[in-house]
Amino acid sequence: MMLPSLHRILQDATGDYYDDYLKQAGEILMNIGMIIEGLGSSQAKNISLLISKHNDLMRKIVKEIASVSIEEASRLVVLAGLILNLKRAIEALDAISFLFEGSGESLEAQRKNVKEASEILLKAFGNLKTRREKELDDVLSRFKLLKMTLGGIDRIRSNTIAILVYKMAYNGYCIARVARGLV
(Lines give C-alpha, C1' and ligand atoms only; values in the text may rest on other atoms or scores of the structure.)
Protein backbone atom coordinates (compact mmCIF):
# COMPACT_ATOMS: atom_id res chain seq x y z
CA MET A 1 0.00 0.00 0.00
CA MET A 2 1.36 3.41 -0.97
CA LEU A 3 0.86 6.34 1.39
CA PRO A 4 -0.23 9.70 -0.02
CA SER A 5 2.20 12.63 -0.36
CA LEU A 6 3.04 14.84 2.63
CA HIS A 7 1.03 17.69 1.10
CA ARG A 8 -2.04 15.45 0.79
CA ILE A 9 -1.56 14.08 4.32
CA LEU A 10 -1.34 17.64 5.67
CA GLN A 11 -4.46 18.61 3.76
CA ASP A 12 -6.31 15.65 5.24
CA ALA A 13 -4.80 16.18 8.70
CA THR A 14 -6.17 19.71 8.84
CA GLY A 15 -9.63 18.71 7.67
CA ASP A 16 -12.79 19.10 9.69
CA TYR A 17 -12.32 15.75 11.43
CA TYR A 18 -9.28 17.20 13.24
CA ASP A 19 -10.90 20.50 14.26
CA ASP A 20 -10.86 19.57 17.95
CA TYR A 21 -7.07 19.05 17.90
CA LEU A 22 -6.54 22.32 16.04
CA LYS A 23 -8.89 24.13 18.44
CA GLN A 24 -6.86 22.87 21.41
CA ALA A 25 -3.65 23.95 19.69
CA GLY A 26 -5.25 27.36 19.11
CA GLU A 27 -5.98 27.67 22.83
CA ILE A 28 -2.33 26.91 23.58
CA LEU A 29 -1.29 29.61 21.12
CA MET A 30 -3.62 32.15 22.76
CA ASN A 31 -2.03 31.36 26.11
CA ILE A 32 1.43 31.82 24.59
CA GLY A 33 0.33 35.29 23.52
CA MET A 34 -0.89 36.11 27.03
CA ILE A 35 2.39 34.92 28.56
CA ILE A 36 4.35 37.14 26.19
CA GLU A 37 2.26 40.13 27.25
CA GLY A 38 3.23 39.39 30.86
CA LEU A 39 6.97 38.94 30.32
CA GLY A 40 8.92 40.34 33.23
CA SER A 41 6.57 38.92 35.84
CA SER A 42 6.51 35.31 37.01
CA GLN A 43 4.94 33.14 34.34
CA ALA A 44 6.00 29.73 35.71
CA LYS A 45 2.45 28.72 36.70
CA ASN A 46 1.01 29.73 33.31
CA ILE A 47 3.78 27.93 31.44
CA SER A 48 3.29 24.76 33.55
CA LEU A 49 -0.41 24.86 32.68
CA LEU A 50 0.46 25.29 29.01
CA ILE A 51 2.85 22.33 29.07
CA SER A 52 0.16 20.24 30.76
CA LYS A 53 -2.40 21.19 28.09
CA HIS A 54 0.10 20.33 25.37
CA ASN A 55 0.91 16.97 26.97
CA ASP A 56 -2.82 16.15 27.21
CA LEU A 57 -3.30 17.03 23.55
CA MET A 58 -0.37 14.85 22.49
CA ARG A 59 -1.61 11.95 24.64
CA LYS A 60 -4.98 12.11 22.86
CA ILE A 61 -3.35 12.11 19.45
CA VAL A 62 -0.97 9.25 20.28
CA LYS A 63 -3.83 7.22 21.74
CA GLU A 64 -5.83 7.71 18.56
CA ILE A 65 -2.81 6.86 16.35
CA ALA A 66 -2.69 3.45 18.01
CA SER A 67 -6.33 2.72 17.22
CA VAL A 68 -6.80 3.73 13.57
CA SER A 69 -5.79 2.56 10.11
CA ILE A 70 -2.28 3.15 8.74
CA GLU A 71 -3.49 5.90 6.43
CA GLU A 72 -5.39 7.63 9.24
CA ALA A 73 -2.39 7.22 11.55
CA SER A 74 -0.12 8.87 8.98
CA ARG A 75 -2.32 11.98 9.04
CA LEU A 76 -2.26 12.06 12.83
CA VAL A 77 1.53 11.65 12.87
CA VAL A 78 1.90 14.71 10.62
CA LEU A 79 -0.46 16.67 12.85
CA ALA A 80 1.39 15.52 15.98
CA GLY A 81 4.69 16.56 14.41
CA LEU A 82 3.36 20.03 13.74
CA ILE A 83 1.95 20.32 17.26
CA LEU A 84 5.35 19.28 18.69
CA ASN A 85 6.62 22.60 17.32
CA LEU A 86 4.39 24.27 19.90
CA LYS A 87 6.11 22.30 22.68
CA ARG A 88 9.53 23.47 21.52
CA ALA A 89 8.28 27.05 21.40
CA ILE A 90 6.81 26.75 24.92
CA GLU A 91 10.15 25.44 26.21
CA ALA A 92 11.95 28.42 24.66
CA LEU A 93 9.31 30.76 26.09
CA ASP A 94 9.79 29.22 29.53
CA ALA A 95 13.49 30.08 29.45
CA ILE A 96 12.81 33.54 28.00
CA SER A 97 10.27 34.22 30.74
CA PHE A 98 12.79 33.26 33.40
CA LEU A 99 15.45 35.56 31.89
CA PHE A 100 13.01 38.48 31.74
CA GLU A 101 11.86 38.14 35.36
CA GLY A 102 12.88 41.10 37.44
CA SER A 103 14.70 42.78 34.56
CA GLY A 104 14.10 46.44 33.90
CA GLU A 105 13.70 48.24 30.61
CA SER A 106 17.15 47.12 29.44
CA LEU A 107 15.59 44.25 27.50
CA GLU A 108 13.05 46.35 25.58
CA ALA A 109 14.62 45.60 22.17
CA GLN A 110 14.61 41.90 23.02
CA ARG A 111 10.97 42.17 24.12
CA LYS A 112 10.08 43.34 20.59
CA ASN A 113 11.96 40.36 19.15
CA VAL A 114 10.09 37.98 21.46
CA LYS A 115 6.77 39.48 20.33
CA GLU A 116 7.81 39.14 16.68
CA ALA A 117 8.81 35.50 17.24
CA SER A 118 5.44 34.76 18.85
CA GLU A 119 3.59 36.48 16.00
CA ILE A 120 5.48 34.34 13.50
CA LEU A 121 4.44 31.23 15.42
CA LEU A 122 0.82 32.38 15.82
CA LYS A 123 0.45 33.41 12.19
CA ALA A 124 2.04 30.19 10.88
CA PHE A 125 -0.24 27.99 12.94
CA GLY A 126 -3.24 30.21 12.23
CA ASN A 127 -2.74 29.67 8.51
CA LEU A 128 -2.04 25.95 8.78
CA LYS A 129 -5.60 24.96 7.99
CA THR A 130 -6.36 27.64 5.39
CA ARG A 131 -2.90 27.45 3.79
CA ARG A 132 -3.17 30.95 2.34
CA GLU A 133 0.04 31.25 0.37
CA LYS A 134 0.42 35.02 0.75
CA GLU A 135 0.15 34.88 4.55
CA LEU A 136 2.48 31.90 4.75
CA ASP A 137 5.02 33.69 2.52
CA ASP A 138 4.74 36.65 4.90
CA VAL A 139 5.58 34.36 7.84
CA LEU A 140 8.63 33.04 6.00
CA SER A 141 9.77 36.60 5.18
CA ARG A 142 9.22 37.79 8.74
CA PHE A 143 11.35 34.92 10.03
CA LYS A 144 14.22 35.86 7.70
CA LEU A 145 13.92 39.51 8.76
CA LEU A 146 13.92 38.56 12.46
CA LYS A 147 17.00 36.43 11.89
CA MET A 148 18.75 39.47 10.37
CA THR A 149 17.51 41.68 13.23
CA LEU A 150 19.01 39.26 15.73
CA GLY A 151 22.33 39.69 13.91
CA GLY A 152 22.75 36.46 12.02
CA ILE A 153 23.89 33.08 13.27
CA ASP A 154 27.25 34.23 14.68
CA ARG A 155 25.70 36.93 16.91
CA ILE A 156 22.74 34.71 17.83
CA ARG A 157 25.12 32.07 19.20
CA SER A 158 26.59 34.54 21.69
CA ASN A 159 23.29 35.80 23.11
CA THR A 160 21.09 33.50 25.20
CA ILE A 161 17.88 35.45 24.62
CA ALA A 162 18.56 35.63 20.87
CA ILE A 163 19.03 31.84 20.77
CA LEU A 164 15.67 31.33 22.50
CA VAL A 165 13.88 33.94 20.35
CA TYR A 166 15.31 32.28 17.24
CA LYS A 167 14.21 28.85 18.46
CA MET A 168 10.69 30.11 19.10
CA ALA A 169 10.42 31.78 15.70
CA TYR A 170 12.04 28.82 13.93
CA ASN A 171 9.20 26.56 15.02
CA GLY A 172 6.72 28.92 13.36
CA TYR A 173 8.95 28.98 10.28
CA CYS A 174 8.91 25.16 10.13
CA ILE A 175 5.11 25.07 10.41
CA ALA A 176 4.81 27.67 7.63
CA ARG A 177 7.15 25.70 5.36
CA VAL A 178 5.12 22.53 5.84
CA ALA A 179 1.83 24.38 5.29
CA ARG A 180 3.26 26.10 2.21
CA GLY A 181 4.33 22.75 0.77
CA LEU A 182 8.05 23.60 0.75
CA VAL A 183 9.15 20.33 2.39
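In which helix is the place of Arg111? Arg111 belongs to helix H5, a setting that the sections below describe within the whole chain.

## Basis of the model

The structure is a predicted model, in which local features need pLDDT of at least 70 and side-chain atom pairs count only at pLDDT 80 or more, while totals for chains, interfaces and linings use all residues. Residues are numbered from 1 along each chain as its sequence is written, and side-chain values use heavy atoms, with hydrogens and water left out.

## Overall architecture

The chain contains eight helices and zero strands; helices (H or I, at least four residues) and strands (E, at least two) are DSSP runs numbered from the N terminus. The radius of gyration is 17 Å, close to the 16 Å that the globule rule gives for 183 residues, so the chain is as compact as a globular protein of that length. This radius is taken over C-alpha atoms, and the globule rule is 2.2 Å times the number of residues to the power 0.38. Along the principal axes, the C-alpha atoms fill a box of roughly 55 × 35 × 25 Å.

Of the 183 residues, 45% count as buried (buried is under 20% relative accessible area, exposed over 50%, and partly exposed in between, with a 1.4 Å probe and protein chains only). Among contacts (heavy atoms within 4.5 Å) between residues at least 6 apart in sequence, 77% join residues at least 24 apart.

## Helix H3

Helix H3 covers residues 44-65, and its 22 residues should span 32 Å at 1.5 Å a residue; the end C-alpha atoms are 31 Å apart, which agrees. The expected span is 1.5 Å times one less than the number of residues.

The buried residues of H3 are Ile47, Leu50, His54, Leu57, Met58, Ile61 and Glu64. They cover an arc of only 125 degrees around the axis, which puts them on the same side of H3; the arc is that of the directions from the helix axis to the C-beta atoms. These buried residues pack against helix H2 (19-37) and helix H4 (70-100). The face turned away from the buried side carries the exposed residues Lys45, Arg59 and Lys63.

## Helix H5

Helix H5 comprises residues 108-126 and includes Ala109. Its 19 residues should span 27 Å at 1.5 Å a residue, and its end C-alpha atoms are 27 Å apart, which agrees. Among the buried residues of H5 are Asn113, Val114, Ile120, Leu121 and Phe125. The buried residues of this helix pack against H2, H4, helix H6 (133-149) and helix H8 (160-180).

Ala109 is exposed, with a relative accessible area of 55%, whereas Arg111 is buried, at 15%. Not counting residues up to four places away in sequence, Arg111 touches Leu39 and Phe100.

## Aromatic pairs

The count comes to six aromatic pairs. Rings of Phe, Tyr and Trp (its six-membered ring) pair if their centres lie within 6.5 Å; planes under 30 degrees apart count as stacked, over 60 as edge-to-face and the rest as tilted. The rings of Phe143 and Tyr170 have centres 6.0 Å apart and planes at 55 degrees, so this pair is tilted. Phe143 lies in helix H6 and Tyr170 in helix H8, so the pair ties together parts that are 27 residues apart in sequence.

Phe143 is buried, with a relative accessible area of 4%, while Tyr170 is partly exposed, at 35%. Together with Tyr166 and Tyr173, Phe143 and Tyr170 form one aromatic cluster.
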